[in-house]
Each structure stands twice: as structure tokens, then as C-alpha cells.
Amino acid sequence: MLKRQNHSNFKRELDKRSSLSPLCLKLNNSLVRCLACAHKCLISEGARGICKVRFNKNGSLYAPRGYISSMGLDPIEKKPFFHIAPGAKTLSYGMLGCNFKCPFCQNHTISQISDNFDCLENFHDIEPSQIIDYAINQNAKIIISTYNEPVITSEWSLEIFKLAAEKQIKSAYVSNGYASEEVLNFLMPYLDFLNIDLKTFNSENYSKVIGGKLENVLQTIQHAYKMGIWIEIVTLLIKDFNTDDAQLNSMSEFIANISPDIPWHITAFHPSYKMTDKPSTDEAIIRKAFNIAKEKGLKYVYAGNIQSSDMENTYCHCCGELLIERNCYFIKSFNIKPDCEKAGKCPKCGSSIAGIWF
Ligand code: SF4
């Protein structure tokens with residue numbers, strides 16, 4: 001009884017913080033098709049999409065607006081982006097909800113809202129101009145929608161990103177990559193950088209465990225790259241889920257075929273949320289993935305969630321010169337000469353090093 005009451009209070013608070021969405025098709029009989037992510041939910045009057053935060057009211061689609069669940073200042077390396085403005089301060093914000101159901105989600109208290117009707121305390125009302133003012137005050141160079149899945153609240157982020165661009169602040173998503181082509185077009189030219197989580201290369205894992213289709217995530221990576229958005233890819237390596245040689249080979253080949261310049265972050269899993277039966281990922285697995293990725297031609301592969309200096313630094317792909325020395329999220333030395341818009345140069349051999357080095 002209390003649970004049902006909490007649920008309806010929660011929905012009421014969520015719906016108060018929503019506005020009409022243009023990211024939809026209006027169909028007969030008050031049906032709408034949401035175009036914000038690759039699920040493309042068909043939503044009937046009074047119902048919600050898979051993400052639970054977008055809903056059909058009187059035959060129109062409504063999407064979240066005017067609040068955040070959390071906001072924080074972080075070095076850009078923490079997102080992780082390793083080839084954009086090393087050491088830059090970012091302002092990250094998140095809302096509520098997700099279009100996936102990953103059992104290892106580290107932010108499940110804000111993403112899996114059906115599990116958490118206590119999320120009421122997570123509504124902090126705010127306007128885009130206040131977020132921008134805070135970013136300017138804090139000298140944040142990049143604003144990032146993260147913590148929960150950003151594509152499901154793209155209308156709100158676009159408002160923020162447009163104001164950010166006026167103040168020469170760059171904008172980014174840390175996303176699960178389940179975007180539609182429509183939402184990527186909608187966000188352009190204001191989405192500068194995109195970090196995409198490639199969770200597995202096994203279709204069944206995606207459909208049964210995550211709640212999506214592998215091919216849609218691969219398409220997002222391909223589309224975003226073609227559109228000129230700077231991309232970095234992250235894979236949380238989980239034993240017996242995505243660490244077999246076949247998957248590691250396929251992921252590496254897929255990324256390298258788009259561009260060997262795309263950085264790939266392979267990070268160590270630690271048991272969390274509903275996935276407590278798998279062990280923490282050890283360094284041997286990370287190193288195996290690292291070596292496979294290098295063999296497949298990826299120039300920039302980085303280990304995360306474990307300390308391993310040779311796998312967190314940036315080296316010149318041509319002469320091996322140490323270009324960026326990192327210690328976890330901190331930059332110890334930076335040795336790239338900015339060159340053109342999306343590259344710098346190795347000071348030793350002059351090779352082009354892909355990245356946004358401002
Ligand atoms: S954002 Fe995705 S999951 Fe949410 S309603 Fe739209 S299509 Fe469905």
C-alpha cells in the first residue's frame with residue numbers, strides 16, 4: 001500500500017517537471033512514437049515508455065525538464081575522456097531513469113527508478129541558466145550529461161548545451177549508446193563529445209541482460225563518428241560476460257574498422273547492484289584485452305579501475321614517446337603540441353595524435 005502511494009507521489013513529482021517533446025511521431029488514436037532512443041516506444045494515452053520518465057498525455061509526448069538528481073565537478077579523466085583537454089574541469093549533471101536494465105549499474109538508485117520510489121529526494125529544481133552560471137563560476141570547460149542515461153532527456157540537455165555554446169563551454173554525453181539517429185540529429189551541432197558504453201559484443205547478452213539490441217549500439221557509434229562527434233568508448237570487463245577472446249577480438253576489430261584513433265577504455269568490474277555473483281576483474285584479464293586491442297590496431301587503449309601505469313598513459317603510436325602521464329585521474333605530464341582542430345603532434349617524431357587538445 002505504502003509502496004503504491006510512494007509510486008504515485010513519485011510519478012506526480014516527475015510529471016510536474018516535464019514539458020512537451022518534439023522528439024516523437026503523433027499517430028492515430030492518441031498514440032505517439034517516441035524517437036529519443038533506439039527503443040522507439042509506441043506509447044498509448046496515459047502510458048510511459050520503457051525509460052519510465054517520458055509519457056503520453058492527451059496524445060502528446062512529455063519529457064523531463066527543469067530538475068537534476070545530482071551535479072558535480074570532476075576532472076575530465078573521470079568520465080572517462082582521455083583525448084580531450086587533459087586535466088580540464090567538467091560540470092556533470094544527471095536526472096532520473098534509464099532505457100536499459102543493467103544488473104551491474106553503479107548508479108541504479110537514480111537510473112532504475114522503478115526500484116527506488118524513494119527518489120523523491122532526488123528532485124532538485126534548476127534552470128539551464130543556473131547550471132551555466134555555476135559552470136562559469138567554477139571555471140568548468142565542459143558540461144556533461146551523465147550519471148543516468150542522457151539520451152532520454154535530450155530536450156533538456158539541448159537547452160543547456162545551447163547556452164553553454166554561447167559561453168564557449170563544450171558539451172558532452174556519457175551514454176549507453178542506445179540513441180536513435182533522430183536524437184543525434186536533434187542534438188547537433190551542440191553535442192561536442194560522446195562517451196559510449198559498449199557493454200558486450202554478444203547479442204543475447206544485450207537482449208536478455210541489458211535490455212536492448214547490440215546492433216543499435218554499434219549503429220550509434222558509427223553514426224556519431226560520421227557526424228564528426230569526438231567519441232571515446234568504454235567497456236566494463238566482466239568475467240564470463242564479455243571477456244572471452246571472441247568478444248574481445250570482435251570489439252577491437254569493430255572499433256579499429258571505424259577508426260584506430262578512437263580511444264577504448266577497458267575498465268575492471270567490481271560486484272555491485274544485482275550482479276554480486278561475479279568476481280572483481282583482475283589485471284590479467286585487463287591485460288589480455290589490452291593486448292588484443294593493440295594487436296587489432298587500436299592506437300589508444302586504457303585500463304580503468306585498476307592501477308597500472310603502462311596502461312593508463314598515452315604513448316605516441318609511432319615512436320613510443322610518453323605523451324601524457326597519468327596517475328588515476330590526475331595528469332602528471334602533458335607533452336603534445338596542439339596542431340589542428342582534432343589532433344596534436346608528437347614532439348619527438350611529429351606524428352599526428354588524435355584528440356581535442358585545448
Ligand atoms: S527515450 Fe527510449 S525508452 Fe524512453 S520512451 Fe523514448 S523510446 Fe522509449
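Visitor: Is Lys 52 buried, partly exposed or exposed?
Guide: Lys 52 is partly exposed, with a relative accessible area of 36%. Here buried means under 20% relative accessible area, exposed means over 50%, and partly exposed lies in between, using a 1.4 Å probe and protein chains only. This is a predicted model, in which local features need pLDDT of at least 70, side-chain atom pairs count only at pLDDT 80 or more, and totals for chains, interfaces and linings use all residues. Residues are numbered from 1 along each chain as its sequence is written, and side-chain values use heavy atoms, with hydrogens and water left out.

Visitor: Where is Lys 52 found?
Guide: Lys 52 belongs to the loop between β4 (42-43) and β5 (55-57). Strands (E, at least two residues) and helices (H or I, at least four) are DSSP runs, numbered from the N terminus.

Visitor: And what is the phi of Lys 52?
Guide: Lys 52 is not a glycine, yet its phi is positive, about 75 degrees. Most residues other than glycine have a negative phi, and most peptide bonds are trans.

Visitor: What about Asp 240, buried or exposed?
Guide: Asp 240 is exposed, at a relative accessible area of 64%. Its phi is also positive, near 60 degrees, and Asp 240 is found in the loop between β14 (230-237) and α8 (245-258).

Visitor: Which peptide bond to Pro 80 is cis?
Guide: The bond from Lys 79 to Pro 80 is cis, with omega near -5 degrees. Pro 80 lies in the loop between β8 (70-75) and β9 (89-94). The bond from Met 188 to Pro 189 is cis too, with omega near 5 degrees, and Pro 189 lies in the loop between α5 (181-187) and β13 (193-197).

Visitor: Changing topic, how many disulfides does the count come to?
Guide: The count comes to zero disulfides, where a disulfide is a pair of cysteine sulfur atoms within 2.5 Å.
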